Amino acid sequence: MKFVRKMMKDSKGATAIEYGLIAALIAVAAIAAMTTLGSNLSSTFNNVSNEL
């Protein structure tokens, strides 16, 4: 019974999981932003190239 109570009070594992989820969310947002920015930047460079 003491083991179960000790596990319920221990929050180190939960904190690590939360940090992992936050890092994964930031990574997904960064990938999405870079993909969109890359497409827009490619289109801009193609337009400049065609105008030259």
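On the surface, Y19, I22 and I26 come together as a nonpolar patch with about 350 Å² of accessible area in total. Areas are Shrake-Rupley values with a 1.4 Å probe.

This is a predicted model, in which local features need pLDDT of at least 70 and side-chain atom pairs pLDDT 80 or more, while totals use all residues. Numbering starts from 1 along each chain, and side-chain values use heavy atoms, without hydrogens and water.

Y19 sits in helix α2 (residues 12–51), and it counts as exposed because its relative accessibility is 58% (exposed is over 50%, buried under 20%, partly exposed in between). T36 also belongs to helix α2, but counts as partly exposed at 47%. A polar atom of the T36 side chain lies 3.1 Å from the backbone oxygen of A32.

Overall, the protein has two helices and zero strands (DSSP runs of at least four residues for helices, H or I, and at least two for strands, E). Of its 52 residues, 0% count as buried.

Definitions and conventions: Buried means under 20% relative accessible area, exposed over 50%, partly exposed in between (1.4 Å probe, protein chains only). Patches are made of residues with over 30% relative accessible area and no salt bridge: like charges are joined within 9 Å, nonpolar side chains (Val, Leu, Ile, Met, Phe, Trp, Tyr) within 5 Å. A salt bridge is a side-chain nitrogen of Lys or Arg within 4 Å of a carboxyl oxygen of Asp or Glu. A polar contact is a pair of N or O atoms within 3.5 Å; within protein, one must be able to donate a hydrogen and the other to accept it, and residues adjacent in sequence count only if both atoms are side-chain atoms.
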